[in-house]
Amino acid sequence: MANCNSTKSDELFARAKEHIPGGVNSPVRAFLSVGGTPRFIARAEGQYMYDEDGNCYLDYIGSWGPMLLGHNHPLVAAEVVKAANYGLSFGAATKREVDMAELICDTVPWVEMVRMVNSGTEAVMSAVRAARGFTGRDKVLKFEGCYHGHADCMLVKAGSGALTTGVPDSAGVPEGCARDTLTAVYNDADSVERLLRENEGQVACIIVEPVAANMGVVLPKEGFLKRLRGLADEHGALLIFDEVITGFRLSLQGAAGYFGVRPDLVTYGKIIGGGMPVGAFGGRRDVMQVIAPVGSVYQAGTLSGNPIAMAAGLATLRWLKKHPEIYTETDRLGKILREGIAELGEKYRVPLAVNGVGSLLSVFFTEGPVTDCASARKADTEKFAKYFHGLLDRGIYIGPSQFEAMFLSAAHTDEDIAQTLEAVEEVFKIIG
Ligand SMILES: *Cc1c(COP(=O)(O)O)cnc(C)c1O
């Protein structure tokens with residue numbers, strides 16, 4: 001097989017483990033649940049990534065979401081280089097931040113004001129603080145298996161790496177923090193209603209991934225998001241859509257636009273930075289005006305709105321606005337991939353639940369259906385590990401965890417999908 005040589009990655013991983021916990025700067029990268037050596041990536045272009053040993057991979061991670069245009073898109077790269085010529089950071093207001101705020105607010109009508117931060121984690125942490133400040137309430141309601149970054153109050157029954165590494169309830173989170181986090185069952189609005197009743201007048205916000213993509217991809221059932229909107233209104237809580245993955249990916253107006261349900265606040269990350277460390281939160285003007293220096297909820301950042309990061313994000317969002325056909329195109333390719341994998345599953349008797357929408361998909365090794373965290377956890381993670389390594393050896397790079405999404409980009413082609421399905425077939429022949 002083509003991609004078996006990992007000599008340099010092996011060496012680097014050994015060195016990394018000496019001075020970086022687990023050898024990585026974010027847990028899922030460590031290949032913990034699939035075993036083996038994480039590949040150290042040297043460069044990436046379009047739909048491809050190249051590791052230090054010179055192996056080439058057809059990439060379905062896309063840096064976990066940001067690279068919707070494909071890696072190292074020439075327009076984005078050029079804007080970054082241009083911006084770098086004028087200085088890397090000023091700690092003062094810049095024109096690009098105004099352009100960015102206007103672009104987001106013009107594109108997404110329910111975002112009347114927005115503030116830039118440096119990561120999705122920070123966006124969620126700040127949005128939740130704003131919701132608490134606005135409502136004068138302490139509790140937040142989230143869903144089991146949803147991931148909202150690693151702020152203390154969000155690491156209760158969390159998804160993504162927390163789910164993969166088996167610590168959905170992180171150590172180091174004070175009991176007082178965890179006590180104010182209520183967890184409901186995804187796609188079960190009755191579980192939300194029950195919690196809101198039991199905590200009447202205390203819940204500041206309901207926060208949800210409008211398409212869950214951190215316990216693998218789980219779609220909202222018909223009416224689920226709308227019901228959350230109604231319940232939030234009825235109980236005086238704000239509705240926050242965490243669109244760090246879905247924002248500008250499902251549509252220019254994210255999942256909220258796609259499903260036609262308006263949140264009070266929304267969080268962004270990943271795509272809006274075009275590969276640079278960026279997040280944002282925004283929404284209703286009256287809520288956003290609780291933020292300092294206008295209001296009394298403190299929120300700040302030395303590097304927030306950084307000129308290089310804004311240049312990358314602006315170039316990315318402008319490209320997307322100019323090329324809305326990317327959404328129908330990735331949707332088309334995603335559908336071919338989903339249906340192809342499901343058919344192969346039947347052919348080789350591999351029990352599968354294939355979930356997806358637009359450019360997001362997940363292959364769960366379980367009969368399914370997968371509609372929430374409990375049904376996602378029924379997946380056979382050992383089988384997934386074999387599937388993962390089978391694909392990696394064949395030059396197909398997917399997330400090293402059963403509970404992560406596959407991400408398509410504008411760079412992927414029909415030939416790539418065909419090549420991927422061939423690799424999946426070879427692997428299913430072995431593991432079926
Ligand atoms: C990735 C992610 C976050 C956290 O963003 P970081 O930039 O990794 O801090 C928050 N929410 C969702 C839905 C995410 O997928």
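**Exercise 1. Is tyrosine 57 buried or exposed, and what about tyrosine 397?**

Step 1. Start with the cut-offs: buried means under 20% relative accessible area, exposed means over 50%, and partly exposed is in between (1.4 Å probe, protein chains only).

Step 2. Tyrosine 57 has 0% relative accessibility, so tyrosine 57 counts as buried.

Step 3. Tyrosine 397 comes out at 9% relative accessibility, so tyrosine 397 counts as buried too.

Before you go on, keep in mind that this is a predicted model: local features need pLDDT of at least 70, side-chain atom pairs count only at pLDDT 80 or more, and totals for chains, interfaces and linings use all residues. Residues are numbered from 1 along each chain as its sequence is written, and side-chain values use heavy atoms, with hydrogens and water left out.

**Exercise 2. Work out what kind of ring pair tyrosine 57 and tyrosine 397 make, and which parts the pair ties together.**

Step 1. Here's the rule: rings of Phe, Tyr and Trp (its six-membered ring) pair if their centres lie within 6.5 Å; planes under 30 degrees apart count as stacked, over 60 as edge-to-face and the rest as tilted.

Step 2. By this rule there are 14 aromatic pairs. For tyrosine 57 and tyrosine 397, the ring centres are 5.4 Å apart and the planes sit at 70 degrees, so this pair is edge-to-face.

Step 3. Tyrosine 57 belongs to strand S3 (residues 56-59) and tyrosine 397 to strand S13 (residues 396-397), so the pair ties together parts that are 340 residues apart in sequence. (Helices are DSSP runs of H or I with at least four residues, strands are runs of E with at least two, and both are numbered from the N terminus.)

Step 4. Elsewhere, ring pairs link Phe31, Phe365, Phe384, Tyr387, Phe388 and Phe428 into a cluster.

**Exercise 3. Build up the sheet around strand S12.**

Step 1. Two strands pair if DSSP finds at least two bridges between them.

Step 2. Strand S11 (residues 353-357) runs antiparallel to S12, and five bridges join them. In this pairing, alanine 353 stands opposite phenylalanine 364. The two strands form a hairpin with two residues between them, and glycine 358 in the turn has a positive phi of about 55 degrees.

Step 3. S12 also pairs with strand S14 (residues 406-407), antiparallel over two bridges. Here leucine 360 has phenylalanine 407 as its bridge partner, while leucine 361 has methionine 406.

Step 4. Put together, that's an open antiparallel sheet of three strands in the order S11-S12-S14. S11 and S14 are the edge strands, each pairing on one side only.

Step 5. Side chains in a regular strand alternate between the two faces of the sheet. In S12, Leu360, Ser362 and Phe364 are on one side, Leu361 and Val363 on the other, and all are buried.

**Exercise 4. Check the span of helix H12 and find what its buried residues pack against.**

Step 1. The expected span of a helix is 1.5 Å times one less than its number of residues. The 23 residues of H12 should therefore span 33 Å, and the end C-alpha atoms are 33 Å apart, which agrees.

Step 2. Buried residues of H12 include Tyr327, Leu333, Leu337 and Ile341.

Step 3. The buried residues of H12 pack against helix H11 (307-322), S11, S12, helix H14 (381-393), S14 and helix H15 (414-431), where contact means heavy atoms within 4.5 Å.
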